[in-house]
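Here are a few friendly notes to read alongside the model. They cover pockets first, then the fold and the surface.

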Amino acid sequence: MLTQLAGDGGAKDVELLVLRHQVAVLRRQVRRPDLQPADRVVLAALSRFLLRP
């Protein structure tokens, strides 16, 4: 499936899958991240662009 995505010009989709997997692995290693106020602002602003079901 991944090779088909990459072959169809879906490099961005593959990159997103890799990043999501990296986040999942990191979540298993760290209980709760120590977010700074600036981190919270960036995450809140970027979350506005995500589609909600």
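1. A word on terms before the pockets: on a 1 Å grid over the protein atoms alone, a pocket is an open set of points where a 1.4 Å probe fits, with protein on both sides within 12 Å along at least five of seven lines, and lining residues have an atom within 4 Å of a point. A volume is the space filled by probe spheres set on the points, which are joined across faces, edges and corners. The second largest pocket comes to about 200 Å³.

2. Please keep in mind that this is a predicted model, in which local features need pLDDT of at least 70 and side-chain atom pairs pLDDT 80 or more, while totals for chains, interfaces and linings use all residues. Numbering starts from 1 along each chain as its sequence is written, and side-chain values use heavy atoms, without hydrogens or water.

3. What lines the second largest pocket? Its lining consists of L16, L19, R20, V23, R27 and L50. By class, that is four nonpolar, no polar and two charged residues (Ala, Val, Leu, Ile, Met, Phe, Trp, Tyr, Cys and Pro are nonpolar; Asp, Glu, Lys and Arg charged; the others, Gly among them, polar).

4. The largest pocket holds about 320 Å³ of space. Around it sit V23, L26, R27, V30, R31, P33, L35, L43 and L46, of which seven are nonpolar, none polar and two charged. Helix 2 (11–29) and helix 3 each supply at least two lining residues, and helix 2 gives the most, with three.

5. On the fold, the protein has three helices and zero strands (DSSP runs numbered from the N terminus: H or I of at least four residues for helices, E of at least two for strands).

6. How much of the protein is buried? Of its 53 residues, 4% are, where buried means under 20% relative accessible area, exposed over 50% and partly exposed in between, with a 1.4 Å probe and protein chains only. V42, found in helix 3 (residues 37–47), counts as partly exposed because its relative accessibility is 47%.
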